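Student: Please take me through this protein by question and answer. I would like each answer to finish on what was asked.

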Amino acid sequence: MKRLLICFFLCMSIGSFRVAAQVDDLLKADTLLISGDTIIMIGDSIIIKEKPKPIFWKKGGNFNLSIQQVSLSNWNAGGASNLALNTGANLFANYKKDAIIWDSNLTVNAGFNRISDRRFATRKTNDNFIFISKYGRELTPQWYLSTQIDARTQLLAGYRFFRPPGAEEDARARLSDFLAPAYVQSSTGLNFRKQYKNNNRLSLIASPFTGRFTIVMDDSLSNAGAFGVIPGERVLAEAGLSFSSQTDFEIIDNVRWRSDLNLFTNFERLGNFVVNFNSIITMRVNKYITTRIETILIYDERVFIQQESGPPRQAVQLQNMINFGLGIDF
């Protein structure tokens, strides 16, 4: 028994000396720094510890899809079979390195409604394409000198549906189309940009130097002088002042609000603003199911809206949608 105890203590002592020797060797190890990598040499062994590589790009997005289908057969309460679909995608790519930032965001939405027993059964309910890209150089930790490009249009033709007096079926008149109109705005100014907790972001940019271009590529709409262009012309160029903001905030757990606001006033009509406001409130049920409340508000004094009765007039354009369906972040 005594011999066993003596052997045990000898083994423990030898092990302790070896560990202490290894620690001592590590403390005495040669350390080199080559191209940002740390190289530690212990005897004939080399341990390379790589420096974490900085991440300059942040990319991601969201896809949403909601479908509603109603089928009726011999339904005494009335109604009509219909199918409604709404889908959209939002993509972003943000770059930051040293004093340089470059933020880009693309939003595409499309929606349709189909009622089988009407003329022009399939009709568009939602269609917009918005691309915003901003490049800036840091002046202070929260202030940047930035240049921003804001481009907006739609993807498909838009129609006004109506029933002429005495007619039994609906008729339609084309109001807009792809690149008819399209709005491209370029602005340079001071940008306040701040990051908060939970990936909350706020960006404000005021520009005294803004160019705005209204594009109407459709011949019939251009000849009619639609959207403020000179009849027969395809582009209307303006210079003025602008203010824009982008917000992305988590209001409460699983509820997020994203919005962008763009205001523009022509030097020739200072104070008469063109307004574009988009707002999306996302309420997440789980990883894949969300409810979205989307609001779009547009006002342009040069755009006259056809009314149900009477001549066209200036008016606020408002679109509001509530969708419940699939929502995937990536």
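This is a predicted model: local features need pLDDT of at least 70, side-chain atom pairs count only at pLDDT 80 or more; totals for chains, interfaces and linings use all residues.

Student: Which residue takes a positive phi in the hairpin of E6 and E7?

Tutor: E6 and E7 pair in the antiparallel sense over 15 bridges. One of the paired residues is Ile101, whose bridge partner in E7 is Gly136. Six residues lie between the strands of this hairpin, and the positive phi, near 55 degrees, belongs to Phe120.

Student: Which residue in E11 does Asp150 stand opposite?

Tutor: E8 and E11 run antiparallel and are joined by ten bridges. Across this pairing, the residue of E11 opposite Asp150 is Gln185.

Student: Over how many bridges do E11 and E12 pair?

Tutor: Strand E11 covers residues 182–195 and strand E12 covers residues 201–215. Lys194 stands opposite Leu202 in E12. The pairing is antiparallel, and the number of bridges is 13.

Student: How many strands make up the closed barrel, and by how many degrees are neighbouring strands turned against each other on average?

Tutor: The protein has two helices and 19 strands. The closed barrel runs E4-E5-E6-E7-E8-E11-E12-E13-E14-E15-E16-E19 with antiparallel pairing, which makes twelve strands.

Student: What share of contacts between residues at least 6 apart in sequence joins residues at least 24 apart?

Tutor: The protein has 330 residues, of which 34% count as buried. For contacts between residues at least 6 apart in sequence, the share that joins residues at least 24 apart is 52%.

Student: Is Asn109 buried or exposed?

Tutor: Asn109 is placed in strand E6, residues 100–115. Beyond its neighbours within four places in sequence, its contacts include Thr87, Asn126, Asn128 and Glu294. Buried means under 20% relative accessible area. Asn109 has 5% relative accessibility, so it counts as buried.

Student: How far apart in space are Ile296 and Asn128, C-alpha to C-alpha?

Tutor: Ile296 is in strand E16 and is buried, with a relative accessible area of 15%. Not counting residues up to four places away in sequence, Ile296 touches Asn128, Phe277, Asn278, Gln317, Leu318 and Gln319. Ile296 and Asn128 are 168 residues apart in sequence, and their C-alpha to C-alpha separation is 9.9 Å.

Student: Which element gives the largest share of the lining of the largest pocket?

Tutor: The largest pocket holds about 1500 Å³ of space. Its lining has 46 residues, and those nearest its centre are Gln154, Leu175, Ser176, Phe227 and Gln317. Elements that give two or more residues to this lining include strand E8 (143–153), strand E15 (273–284), strand E16 (289–299) and strand E19 (317–329). The largest share, nine residues, comes from E7.

Student: How many nonpolar, polar and charged residues are in the lining of the largest pocket?

Tutor: The lining has 46 residues. Phe227 and Gln317 are among those nearest the pocket centre; by class, Phe counts as nonpolar and Gln as polar. For the lining as a whole, the division is 23 nonpolar, 13 polar and ten charged residues.

Student: What is the volume of the second largest pocket, and how does its lining divide by class?

Tutor: The second largest pocket is lined by 47 residues, with Asn90, Phe92, Arg201, Asp248 and Arg258 nearest its centre. Its volume is about 1300 Å³. The lining residues divide into ten nonpolar, 21 polar and 16 charged.

How values were computed:
Residues are numbered from 1 along each chain as its sequence is written. Side-chain values use heavy atoms; hydrogens and water are left out. On a 1 Å grid over the protein atoms alone, a cavity is a set of points where a 1.4 Å probe fits but cannot get out, and a pocket is an open set with protein on both sides within 12 Å along at least five of seven lines; lining residues have an atom within 4 Å of a point. Grid points are joined across faces, edges and corners, and a volume is the space filled by probe spheres set on the points. Helices (H or I, at least four residues) and strands (E, at least two) are DSSP runs, numbered from the N terminus. Buried means under 20% relative accessible area, exposed over 50%, partly exposed in between (1.4 Å probe, protein chains only). Contact means heavy atoms within 4.5 Å. Two strands pair if DSSP finds at least two bridges between them.
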